[in-house]
Amino acid sequence: MNLKSPSEDDYLGIYSIMFWTLTLIGCVKYACIALKADDQGEGGTFALYSLLCRHANISILSSKRDSISDHHSSPSPYRGTTKKSRLAIFFEGSLVARRLLLFIAMLGMCMLIGDGILTPAISVLSAMDGLRAPFPSVTKTHVEALSAVILIVLFLVQKFGTSRVSFIFSPIMGTWTLTTPMVGIYSIVHYYPGIFKALSPHYILRFFHNNGKDGWLLLGGTVLCITGTEALFADLGHFSRSSIQIAFLCTIYPSLVLTYAGQTAYLIRHPNDHDDGFYKFIPTKVYWPMLVIATLAATVASQSLISATFSIIKQSVVLDYFPRVKVVHTSPNKEGEVYSPEINYILMVLCVSVVLIFGDGKDIGNAFGVVVSLVMLITTVLLTLVMIMIWRTPLILVALYFVTFFVMEGVYVSAVITKIMEGGWVPFAISLVLAFIMFGWFYGRQKKLEYEMTYKITLENLAILLSNPEFQRVQGLCFFYSNIQDGLTPVLGHYIKNMRSLHKVTIFTTLRYKLIPKVPQHERIVVKKLGPKGVYGCLIQYGYADSLNLEGNDFVSQVTGNIRLHIQNCSGTLTSTSIQAEEELLELERALSAGVVHVRGKTRFHIGKNVNWFDKLILAFYEVLHSNCRSALPALGIPLTQRMEVGMFYEA
């Protein structure tokens with residue numbers, strides 16, 4: 001609170017600001033609009049970006065990667081959008097605009113990950129601070145240490161999955177949403193029954209008129225009333241849209257309105273107790289139960305942001321915008337429930353560090369305000385693009401939405417930016433590191449793709465290589481992995497020229513992550529014959545909400561089963577064709593019995609003297625990331641004895 005001696009009108013104005021912020025941003029923007037902008041069940045800023053990419057050719061990823069089997073893509077859930085809007089045409093024609101859009105989506109994602117660090121820290125720290133009032137001997141250091149212990153326990157139980165953790169936490173959340181408004185109602189009746197006159201917006205105008213710049217700066221604290229709304233949107237992968245809407249509109253929203261009203265009523269009668277308004281307004285008789293409930297509820301609030309962070313990291317990994325980390329699906333029924341051990345422990349270390357280093361709740365609150373307001377503003381921009389380019393919403397409604405929320409959130413952003421030196425730099429530092437990691441990985445992957453497309457092996461080149469009598473066709477079945485689809489990886493040429501052989505049945509396999517959450521089961525594995533005898537192409541298609549549930553032998557049997565069907569379907573009725581098909585099937589069985597091997601390229605950049613300094617720096621950083629990230633093949637459960645890596649240098 002920046003006001004030296006807040007008056008009754010000041011408190012009424014602050015409550016009016018919080019009420020209308022909750023109503024407009026929480027109910028209207030997120031619960032009623034944003035939740036409808038899901039990408040087939042997935043939410044968050046990156047899901048909005050992928051939704052835009054699916055309905056217009058605005059992705060920075062090379063279109064060549066998606067040039068094969070586009071006819072297999074799932075139909076759009078949005079109708080009436082076959083004719084592109086002018087805005088979509090503009091983005092498709094402007095590389096700068098597409099890059100800016102990608103940067104905005106990345107920034108929103110990095111900020112939300114920062115939110116996943118700050119929310120547990122400030123929530124648990126604020127709850128545990130209630131111990132200092134009844135126990136004066138409890139110091140700030142004790143509160144920080146106890147908060148750190150609680151946070152460590154919270155992160156350690158993440159491996160059990162959202163469903164199991166939520167089953168434990170659900171009664172806690174129910175108790176919280178019931179008890180806090182009851183205390184609020186008691187406070188309203190006891191201290192200031194007329195508090196709801198503050199719902200009139202004129203109290204907001206009066207507040208800013210009376211306080212000017214001080215009132216504007218105070219917005220950096222009031223924005224915290226809307227924390228968690230972005231997680232509400234990002235958690236769509238964990239919960240259904242209707243369940244989130246019912247939970248927010250019927251329980252969370254009225255609970256917050258009554259709780260904040262009760263706090264304001266107390267502060268009007270005790271204007272100087274604003275430094276610890278929550279615990280001060282709780283009646284003495286229920287202080288200890290409320291302290292326990294508040295601590296447990298803070299843990300639940302932290303859980304939602306941690307779950308959202310896992311979802312966002314998984315989306316980024318499968319879309320190749322983030323180094324590969326281990327992603328575990330913790331529920332057999334809900335594909336969106338994921339857990340990443342590496343990310344979990346990194347979050348734990350950062351979160352505990354924030355508590356121990358920035359123990360002052362005000363500094364963390366300032367950092368939190370920066371994250372909350374910026375992520376909300378980014379979501380507003382992306383949602384506006386969705387309305388124009390996909391939903392085809394009338395422009396008058398789009399303008400009403402954009403002006404209302406962009407102005408409101410823009411004012412909040414302008415207020416919290418002033419807190420940069422008072423803890424607000426923390427999320428920017430975290431986001432800068434994450435953005436550098438994402439950009440370095442993305443840039444390196446793009447450079448590799450460009451090299452592969454330039455030096456790819458065509459089917460004609462392969463036929464010429466195999467026709468050379470020096471090259472042998474050896475018994476066995478080989479899965480040769482490639483990142484490109486309209487051609488074969490340059491690693492193949494390197495392999496054949498050095499090994500002078502190729503397996504009699506070779507399946508060139510590409511794992512393709514599409515810009516959709518889920519690929520229909522019948523489109524998961526697409527196979528075809530590639531011309532030379534015994535050579536096939538296989539495309540494994542997955543969306544970012546799908547799990548790679550193909551394991552080892554099961555993967556091999558599914559692919560070979562699809563190849564059998566493909567051969568039989570192409571055999572026709574001619575006797576000669578049927579005989580040829582029988583020979584191909586017999587050769588496939590012989591190859592299976594002879595043994596299976598999985599070959600992939602282990603490529604690195606050769607950075608010569610003529611490479612510019614920017615490429616030297618970024619590609620060297622990419623090589624560090626690539627050397628320390630997980631391989632793509634373990635996700636398929638391939639046994640170590642069947643794996644083979646072929647090393648090759650790519651010219652940078």
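Author: C250 sits out in the open: its relative accessible area is 55%, which makes it exposed. The cut-offs are under 20% relative accessible area for buried, over 50% for exposed and partly exposed in between, using a 1.4 Å probe and protein chains only. Keep in mind that this is a predicted model, where local features need pLDDT of at least 70, side-chain atom pairs count only at pLDDT 80 or more, and totals for chains, interfaces and linings use all residues. Residues are numbered from 1 along each chain as its sequence is written, and side-chain values use heavy atoms, with hydrogens and water left out.

As for disulfides, the count is zero, going by a pair of cysteine sulfur atoms within 2.5 Å.

Helices here are DSSP runs (H or I, at least four residues), numbered from the N terminus. Helix 1 and helix 11 (residues 241-269) pack at about 175°, axes 10 Å apart, and that makes the two roughly antiparallel. The axes are lines fitted to C-alpha atoms over the stretch in contact, and angles run from 0 to 180 degrees between N-to-C directions. Under 35 degrees counts as roughly parallel, over 145 as roughly antiparallel, 65 to 115 as roughly perpendicular, and the rest as oblique.

Contact means heavy atoms within 4.5 Å. Nonpolar covers Ala, Val, Leu, Ile, Met, Phe, Trp, Tyr, Cys and Pro; charged covers Asp, Glu, Lys and Arg; the others, Gly among them, are polar.

Helix 1 (residues 8-33) also packs on helix 7 (residues 202-211), at about 125° with axes 8 Å apart, and the pair is therefore oblique. Their crossing is left-handed, meaning the near helix is turned anticlockwise from the far one by less than a right angle. Helix 1 brings D9, D10, L12, G13, I14, S16, I17 and W20 to the contact, and helix 7 brings Y203, I204, R206, F207, F208 and N211. Those residues split into eight nonpolar, three polar and three charged.
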